[in-house]
Amino acid sequence: MINESIVAKLFGLEGRTALITGAAAGIGREIAMLFAHAGAKVIGADINEEALSSLVGAINAGGRANQAIGLPLDQGDPSSITTMFQAVRDQAAGLDVLVNCAAIYPFKPFEDVDPAFFDRNIGINLRGVFICTQEAVRIMKRGSGGSIINIASVNAVKACVFDNIHYGAAKAAVNNITISIALEYGSHNIRANSIMPGAIATENAIKSAVGNPPHGPITKGDRIPLGRRGQPADVAAACLFLASEASSYVTGQLIAVDGGFLIG
């Protein structure tokens with residue numbers, strides 16, 4: 001018989017430590033808040049320390065004192081990632097969940113992408129994810145395993161917006177990291193899955209469109225079967241599933257949270 005305690009056991013994160021990169025705003029903040037409400041100790045990491053402090057304060061308010069800490073992170077700088085993970089080791093007994101959410105997505109026509117622009121995008125969107133995942137695996141191997149959740153994009157599997165080839169290429173590689181980790185570290189009880197958001201109405205996405213509105217199939221409302229843009233909460237809910245015991249037999253999956261966009 002299914003009751004509330006069984007549901008709580010399946011989807012609760014009590015006693016678990018979750019690290020979320022890019023946690024200060026948008027999808028990352030929504031994930032951090034939801035995980036905290038599910039009982040996790042949340043470690044938020046972001047380059048925006050002021051917004052990160054706001055997140056930590058919001059989580060620790062209302063009787064959840066010391067449930068969240070914030071760590072500075074410049075994901076484009078490998079030394080910053082190393083320093084951040086050393087702080088994780090110093091301040092937490094272990095690591096049960098990593099959500100690689102930090103990313104940038106500036107639009108630029110393919111012919112105008114110069115090496116410096118390309119390297120910055122790949123450094124943050126791919127190399128940073130690689131190093132964060134590598135560090136997390138080292139910690140999880142010493143414990144009882146864990147769940148790695150990479151925030152990729154529908155761009156990884158389907159060209160859907162113009163002037164964004166550099167981003168799609170990085171996210172396609174992130175998906176390959178995901179399935180490779182799932183294969184190689186399953187014996188250590190380390191699960192790895194990708195979430196591929198479609199059109200999500202985050203603050204940064206809205207700001208980036210000002211003066212330079214994106215164009216392409218995913219910007220057309222009639223291409224999304226559910227008829228609406230997604231919200232950060234839609235992505236966070238999928239992440240909670242993958243972080244929890246409810247998905248204990250799920251690994252190596254690329255899960256689209258896109259309102260059905262990839263159907264077409």
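Asp258 is buried yet has no salt bridge. Its nearest side chain of opposite charge, Lys158, is 7.8 Å away. Buried means under 20% relative accessible area, exposed over 50%, and partly exposed in between (1.4 Å probe, protein chains only). A salt bridge is a side-chain nitrogen of Lys or Arg within 4 Å of a carboxyl oxygen of Asp or Glu. For charge, Lys and Arg count as positive and Asp and Glu as negative; His and the chain ends are not counted.

Asp258 sits in the segment after strand S7 (254-257). Two backbone nitrogens lie by its side chain: that of Gly260 at 2.9 Å, and that of Leu262 at 2.8 Å from a polar atom. A polar contact is a pair of N or O atoms within 3.5 Å; within protein, one must be able to donate a hydrogen and the other to accept it, and residues adjacent in sequence count only if both atoms are side-chain atoms. Leaving aside neighbours within four places in sequence, Asp258 is in contact (heavy atoms within 4.5 Å) with Val154, Gly198 and Ile224.

## Basis of the model

This is a predicted model: local features need pLDDT of at least 70, side-chain atom pairs count only at pLDDT 80 or more, and totals for chains, interfaces and linings use all residues. Residues are numbered from 1 along each chain as its sequence is written, and side-chain values use heavy atoms, with hydrogens and water left out.

## Salt bridges

The structure holds 5 salt bridges. One of them pairs Arg89 with Glu135, the closest N and O atoms being 2.9 Å apart. Arg89 lies in helix H4 (residues 78-91) and Glu135 in helix H5 (residues 115-142), so this pair ties together parts that are 46 residues apart in sequence. Helices (H or I, at least four residues) and strands (E, at least two) are DSSP runs, numbered from the N terminus. Arg89 is partly exposed at 27% relative accessibility. Glu135, at 9%, counts as buried.

Glu135 also meets Arg138 in a salt bridge, at 3.7 Å from N to O. These two are 3 residues apart in helix H5, about one helical turn. Arg138 is partly exposed, at 40%.

Arg228 and Asp234 form another salt bridge (3.1 Å, N to O). Arg228 is partly exposed at 43%, and Asp234 is partly exposed at 27%. Through shared partners, salt bridges join Arg89, Glu135 and Arg138 into one network.

## Helix H3

H3 (residues 49-60) has 12 residues. From first C-alpha to last, H3 reaches 16 Å, close to the 16 Å expected at 1.5 Å a residue. The expected span is 1.5 Å times one less than the number of residues. At the N-terminal end, Asn48 caps H3: a side-chain oxygen lies 3.4 Å from the backbone nitrogen of Glu50.

The buried residues of H3 are Leu52, Leu55, Val56 and Ile59. Seen down the axis, they fall within an arc of 95°, so they line one face of the helix. The arc is that of the directions from the helix axis to the C-beta atoms. Their cover includes helix H2 (26-37), strand S2 (41-46) and strand S3 (68-72).

## Lys9 and Ala246

Lys9 lies in helix H1 (residues 4-11). At 66% relative accessibility, Lys9 counts as exposed. Lys9 and Ala246 are 237 residues apart along the chain, yet their C-alpha atoms are separated by 8.4 Å.
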